[in-house]
Amino acid sequence: MRLLKTSDREHAALKVINRHKGKRIVYETYKIKDPDMAEKYIKFIARNRGAMYISWDKERKRFVA
């Protein structure tokens, strides 16, 4: 397992994730099953902290709100 070097935005995203039960469960699941997806999830939350309904776009291989 590699260590992630987090920026201030990503650190703030982790705070948002940890405060929201659903986002925390999703993030923890991604961390276990697909660490690359967990990293993309953090980066998405860092850019879109207020996003409520997040889904995975299979064609573009990224999260969308």
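This is a predicted model: local features need pLDDT of at least 70, side-chain atom pairs count only at pLDDT 80 or more; totals for chains, interfaces and linings use all residues.
The mean pLDDT of the protein is 87. Of its residues, 91% reach 70 or more.

Two packed helices are described by the angle between their axes and the distance between the axes. Helix α1 (residues 8–19) packs on helix α3 (residues 35–47) at an angle of about 95 degrees. Their axes lie 8 Å apart. Angles of 65 to 115 degrees count as roughly perpendicular, so α1 is roughly perpendicular to α3. From α1, the contact uses Arg9, Glu10, Ala13, Leu14, Val16 and Ile17. From α3, Tyr41, Ile42, Lys43, Ile45, Ala46 and Arg47 take part. By class, eight residues of this contact are nonpolar and four are charged; none is polar.

Helix α3 also packs on α2. The axes of α2 and α3 come within 6 Å and cross at roughly 145 degrees. Lys23, Val26, Tyr27, Tyr30, Lys31 and Lys33 of α2 meet Pro35, Met37, Ala38, Tyr41, Ile42 and Ile45 of α3. Nine residues of the contact of α2 with α3 are nonpolar, three are charged and none is polar.

The second largest pocket has a volume of about 160 Å³. Its lining consists of His20, Gly22, Lys23, Val26, Tyr30, Tyr41, Ala51, Met52, Ile54, Ser55, Trp56 and Phe63. Both α2 and β1 (55–57) give two or more residues to this lining. The largest share, four residues, comes from α2. By class, the lining has eight nonpolar, three polar and one charged residues.

Methods. Residues are numbered from 1 along each chain as its sequence is written. Side-chain values use heavy atoms; hydrogens and water are left out. Axes are lines fitted to C-alpha atoms, for helices over the stretch in contact, and angles run from 0 to 180 degrees between N-to-C directions. Angles under 35 degrees count as roughly parallel, over 145 as roughly antiparallel, 65 to 115 as roughly perpendicular and the rest as oblique. Contact means heavy atoms within 4.5 Å. Ala, Val, Leu, Ile, Met, Phe, Trp, Tyr, Cys and Pro count as nonpolar, Asp, Glu, Lys and Arg as charged, and the others, Gly among them, as polar. pLDDT is the predictor's confidence in each residue, from 0 to 100. On a 1 Å grid over the protein atoms alone, a cavity is a set of points where a 1.4 Å probe fits but cannot get out, and a pocket is an open set with protein on both sides within 12 Å along at least five of seven lines; lining residues have an atom within 4 Å of a point. Grid points are joined across faces, edges and corners, and a volume is the space filled by probe spheres set on the points.
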